[in-house]
Amino acid sequence: LKEAKSKTVAIAEQLSESKATAEEIEKVTDSYRPVAKRGAILFFAMSGLSAISAMYEFSLLSYLEVFSRALKTSAKDANIAARVVNIIDVLTACVYDYACTGLFKHHKLMFSFQMTTMIMDDRLNKEELDFFIKGNLSLENEAKLRPVDWLSLLGWKDLHRLVNVGNRIDGPFSQVISDFEQNLDLWKEWYDLEKPEAAPLPCNYSKRLTPFQQLLVLRCFRPDRAYNAIKNFVVSEMKSDFYVQHSWEYENVVAQSSCNSPVVFILSPGADPLSNLIKIATQQQFFPQKFKSLALGQGQSKVAEKLLEMAAHRGHWLVLQNCHLITSWLKTLEKLLSSITKPHRDFRLFLTTEASKEFPLGILQMSLKVVTEPPDGLKLNMKTSYSKVTATELEECPHKAYRPLIWVLSFFHAVLQERRKYGKLGWNISYDFNDSDFNVSRRLLSMYLTKAEQNGDQVIPWSALRYLIGECMYGGRVTDSFDRRVLMTYLEEYMGDFLFDDCQPFFFARDGFD
């Protein structure tokens, strides 16, 4: 009886300890619930992208890998609250980077905005969000006439709908029409600004409304500036411009890849990732012995299957190009990938394809998707161009003008890419200037400047460089005579001895200097 009693006491103590431990675990678990909530929000924001394009497919398994990586890379902290904040920040950035690597640039801001509004869920009025997306859906014009002609009929309709958003007499927009009609000059002055989204709203509305509510007012008056206003809103809410200036590098893509999941490059016109993959494979000593490439087409399926089996067994890098040309075989490829249970740890599979609805869902979900297209904006364009120039390439030419001219060439390349935004105002015909134009032009600069340095020639052969870069390399794509004239005018403005004139500094733009 004495032994039974002691065991009973010991069991009671253990139960008490286990209960206290369970409560402690539950308390710690509750502390990490904000991480789980943010993780769920980000996953559903990412998975919703499949409604836009069949190529935007993401599996829960691939998402969990990103989630695990964020947990490992986030800064450790003894304080749980600080640790949670660190995890949430890193997780949000990792998921955004992972998703945007596989998005076309015209969808990236939409994803940023969607992600931001989902994170703000508790602080966002659903009716206001609905108005911002849809506006006034009424088919009838307002009975009350516009007080001014410079406000569009659609804007006037939207303004009347905005007054009723929230269905409250004392709502934030209840007086917006009367304030507008009583202060037409103030609103006209704000309306005519080049960047009204960066200026305070008239009638003290900037202080009376939240940042998101200010977007609704801007939408009624200047919908053309909504794109930039959304950018500002996302940066303000997420407290970082990372979420509107995404760019990626091939080195990071290769670093994120694994032997168990292929990398799918979704091609845009003129893009060819093969040269960049060869460059990285050379750096990592895979090229040429352990690097195989095959352009798919009729009769190439059996060859591809043999290469895939060999690459998975021996740890090679395999690039299968133009998968969209042989979509009937991709189902077989999906089965082959599923059957490879224990690939060599160095094995990497890279697939290039144009966007296609027939691309197998299984491959898309297991893969890391990468969209190859020029980044948005001069700054990102130049940053991307520089990221593809290695330290060895920067050092290969001893001429003092070489590095400055690489900067000039990057700026020139970015300007040509950005002109495509403006349709017929940019180019009469849309041209697919790409990385190969930049790379060959850089080699021309290196070759001619190295030769000038070796010959002791102080004169840079500007005419030859302008002709080869403008007429042959970039100009080789240009078929319209007026477009060619624009291109050559840029080179005349950007390349010359005036770049190195100490007496009169050269400016690509005077903004910020005058």
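1. Glu471 and Arg484 meet through their side chains in a salt bridge of 2.7 Å, N to O. A salt bridge here is a side-chain nitrogen of Lys or Arg within 4 Å of a carboxyl oxygen of Asp or Glu. Glu471 lies in helix 22 and Arg484 in helix 23, so the pair ties together parts 13 residues apart in sequence. Helices are DSSP runs (H or I, at least four residues), numbered from the N terminus. Glu471 counts as partly exposed, at 25% relative accessibility. Arg484 is also partly exposed, at 25%. The cut-offs are under 20% relative accessible area for buried, over 50% for exposed, and partly exposed in between (1.4 Å probe, protein chains only).

2. A word on the source. This is a predicted model: local features need pLDDT of at least 70, side-chain atom pairs count only at pLDDT 80 or more, and totals for chains, interfaces and linings use all residues. Residues are numbered from 1 along each chain as its sequence is written, and side-chain values use heavy atoms, with hydrogens and water left out.

3. The structure holds 22 salt bridges. One of them joins the side chains of Glu492 and Arg466 (3.7 Å, N to O). Glu492 sits in helix 23 (residues 481-494) and Arg466 in helix 22 (residues 462-473), 26 residues apart. Glu492 is partly exposed at 44%, whereas Arg466 is buried at 14%.

4. Look next at Arg442 and Glu393. Their side chains form a salt bridge (3.7 Å, N to O). Arg442 lies in helix 21 (residues 435-454) and Glu393 in helix 19 (residues 391-395), so parts 49 residues apart in sequence are tied together. Arg442 is buried at 4%. Glu393 is buried at 15%.

5. Now the aromatic rings. The whole structure has 38 aromatic pairs. Phe43 and Tyr63 make a tilted one, 5.2 Å centre to centre with 55° between the planes. Rings of Phe, Tyr and Trp (its six-membered ring) pair if their centres lie within 6.5 Å; planes under 30 degrees apart are stacked, over 60 edge-to-face, and the rest tilted. Phe43 is in helix 2 and Tyr63 in helix 3 (residues 60-73), 20 residues apart. Phe43 is buried at 16%, and Tyr63 is buried at 4%.

6. Which residues of helix 5 are buried? Among them are His107, Leu109, Phe111 and Met115. Helix 5 covers residues 105-119.

Key: Helix = DSSP H or I, 4+ residues; strand = E, 2+ residues; numbered from the N terminus. Expected span 1.5 Å × (residues − 1).
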